[in-house]
Amino acid sequence: MGNAGGARGWWALVLVWLLGFGLPASLRLPVTRPSEMRYVEAARQMDVSGSWAVPVMHGEVYAEKPPLWFWATIAGQRLTGDYVHGARLVSVASCTIGALATARLAATLFGPGVVAPLAGALLSTSVMLIDRAYRPLIDPLLFGLCTLALWGLVRAAALSRWRRVLPIVVAALALSAAVLTKGPVGVLAVLLGAITIGWAWRGRRGVSWLAIALALATATGIGLGWLAWASGEVGSWYWDRMLFGQVATRVAHGAAHEEPWWFYLPSVLVHWLPWTVLLPGAVLLAVDRDRSEAQGAGRGALLWVGLGLLVFSLFSGKRTGYLMPFYPGLALATAWAVVRAETGPPVAERWIGWPLAAARWLYPVAAAVFALGALATALLQAGLGQRLPRLARAWAEGLPASAPIAPVLAAIAFGVLAVREHRDAEPRGRLARRTLRLALAVALGAGTVLWTFLPPLARRDDPAPALREIAAALGDHTDPVFYGRRLSYAWSYQTGRLRAEVLETPEQLAQRLDAPGALQVVTRGRDWRRLPDAVRARLEERGRWPVGSGIVWLVERESSPGDGGR
């Protein structure tokens with residue numbers, strides 16, 4: 001199935017560029033999304049408070065997630081010295097493990113050919129992994145563990161007797177860790193994949209029920225053991241919350257993150273870019289009447305993704321990251337289809353080949369764009385952009401001195417890729433090689449943007465500088481009240497405090513204003529403007545700070561009505 005050694009070399013370049021540029025760049029990115037800062041702050045407060053059984057937030061049990069991700073983030077902090085960097089290290093390591101496990105899974109299903117490194121390269125350069133690999137979220141860890149567990153279960157079915165012991169142990173430990181990461185939901189994707197792909201691949205011989213039973217038993221035992229420990233620490237209500245509450249809140253209407261039933265289909269198509277253009281060819285080849293094991297495995301991978309779409313679409317609560325454990329199925333099916341199209345029916349070759357033919361013109365254009373980007377960056381750093389808008393000047397001022405180097409290297413690399421692409425004038429028979437080349441191009445572009453252009457833009461959405469100024473203005477002994485939760489997590493992280501008073505409705509704020517004593521309120525401009533006029537009239541603006549497209553406000557009442565204040 002092609003030159004596997006050469007394919008592994010191309011994939012090594014993909015990983016080197018993404019890790020060599022993307023990982024250092026991610027350490028320069030601020031945390032601008034409240035959900036990400038909430039997870040990081042919960043890990044910090046767990047560490048500081050010593051509450052190892054369950055995460056905590058502002059003095060209360062954070063009952064939304066099991067503790068493994070928070071433990072891993074604390075371990076990452078021990079290595080990096082920073083909780084945000086530690087959380088990002090967990091995401092990068094998890095996505096790398098997931099990509100490697102996908103490649104090993106492809107080698108088990110399709111043999112030691114080019115499909116394995118191609119599947120890893122496609123997954124590594126999808127929008128989903130490039131976006132999630134550097135963000136402090138729980139989804140990447142669950143993705144890596146589920147993919148590792150799936151490889152273990154499928155590999156156990158391919159081996160005999162004692163040789164399957166190691167894959168079963170890996171599957172059992174990874175599945176147990178998935179349960180400690182996201183609760184019972186962590187088991188669903190793995191079981192669907194092991195049964196669907198295995199049965200389509202080899203029928204009953206493709207599914208090791210013994211491996212599945214042992215992995216499930218281990219995960220259940222470890223999960224219940226942790227749950228008993230946690231419930232003993234915080235109360236029996238936690239047992240019901242983790243076992244039943246999480247699933248119930250996702251299924252029930254009115255759940256958090258509620259979205260329409262069709263939410264996941266466009267989300268998957270977008271997050272599988274740029275490889276979405278190859279999916280029609282994969283579907284055409286999957287419905288072919290070929291009865292080979294490779295054909296069955298490719299068909300099973302698509303069926304697994306389809307089942308995941310169906311099941312998770314039935315849940316009321318939806319987020320794009322919930323389907324992340326199913327993306328290895330897209331990688332397996334797409335990589336198999338590219339290699340199969342080299343010798344398959346012409347109609348499938350046309351569906352696979354036309355995006356690669358279009359990529360021939362992408363390389364010189366990309367080389368020119370990055371060369372111009374390097375030149376523009378150098379000119380801006382030299383002070384020649386004084387007439388540009390303020391945002392452009394602020395972006396240029398945030399660039400490091402080495403900023404032009406990465407675009408120059410990318411421009412040279414794209415030029416080399418353009419020469420190689422034009423040498424492969426005949427696409428048929430070389431589709432896998434050209435797809436790997438395109439994956440490297442995606443890695444070049446993504447790594448360069450992460451390294452050079454994204455960090456200065458992201459800093460304008462960072463609330464940390466504004467919150468530090470507010471903390472300095474208030475002093476060490478004054479804690480503000482937050483109207484809305486979104487800024488409270490970043491405040492706790494920046495100030496090192498373990499508690500923050502949060503009010504979420506105008507009625508709560510009005511009641512708080514009736515209490516005696518001075519009051520300082522921090523909120524976003526949008527929330528401030530939505531307050532009733534009667535409530536706003538009782539507060540006086542003290543300062544405002546631009547953060548992204550919004551404003552952070554500090555308003556205060558110096559004394560209570562009973563003290564003669566406003």
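The side chains of Arg544 and Glu541 come together in a salt bridge, 2.9 Å from N to O; the term stands for a side-chain nitrogen of Lys or Arg within 4 Å of a carboxyl oxygen of Asp or Glu. Arg544 is partly exposed, at a relative accessible area of 46%, and Glu541 is partly exposed as well, at 37%. Here buried means under 20% relative accessible area, exposed over 50%, and partly exposed in between (1.4 Å probe, protein chains only).

A word on the ground rules. This is a predicted model, in which local features need pLDDT of at least 70, side-chain atom pairs count only at pLDDT 80 or more, and totals for chains, interfaces and linings use all residues. Residues are numbered from 1 along each chain as its sequence is written, and side-chain values use heavy atoms, with hydrogens and water left out.

### Charged pairs

The structure holds 18 salt bridges. Three of them are listed here.

| Salt bridge | N to O distance |
|---|---|
| Arg544 and Glu541 | 2.9 Å |
| Arg241 and Glu64 | 3.0 Å |
| Asp479 and Arg497 | 2.9 Å |

Arg241 sits in helix α11 (residues 237-251) and Glu64 in the loop between β2 (60-61) and α3 (68-80), so this pair ties together parts that are 177 residues apart in sequence. Helices (H or I, at least four residues) and strands (E, at least two) are DSSP runs, numbered from the N terminus. Glu64 is partly exposed at 35%.

Asp479, in the loop between α20 (464-474) and β3, is linked to Arg497, in the loop between α21 (488-495) and β4 (501-503), across 18 residues. Asp479 is partly exposed at 47%, whereas Arg497 is buried at 17%.

Salt bridges with shared partners also join Glu36, Asp131, Arg132 and Arg135 into one network. Arg132 is among the residues touched by Asp139, along with Lys182, Gly321, Tyr322 and Met324, leaving aside residues up to four places away in sequence; contact means heavy atoms within 4.5 Å. Asp139 belongs to helix α7 (residues 139-158) and is buried, at 12% relative accessibility.

### Aromatic pairs

Across the whole structure there are 13 aromatic pairs. Rings of Phe, Tyr and Trp (its six-membered ring) pair if their centres lie within 6.5 Å; planes under 30 degrees apart count as stacked, over 60 as edge-to-face and the rest as tilted. Tyr62 and Phe70 have ring centres 6.2 Å apart and planes at 80°, so they are edge-to-face. Tyr62 is buried at 9% and Phe70 at 0%.

Strand β5 (residues 519-524) has six of its six residues buried, so the rest of the structure largely encloses it. Leu519, Val521 and Thr523 cover one side, and Gln520, Val522 and Arg524 the other.
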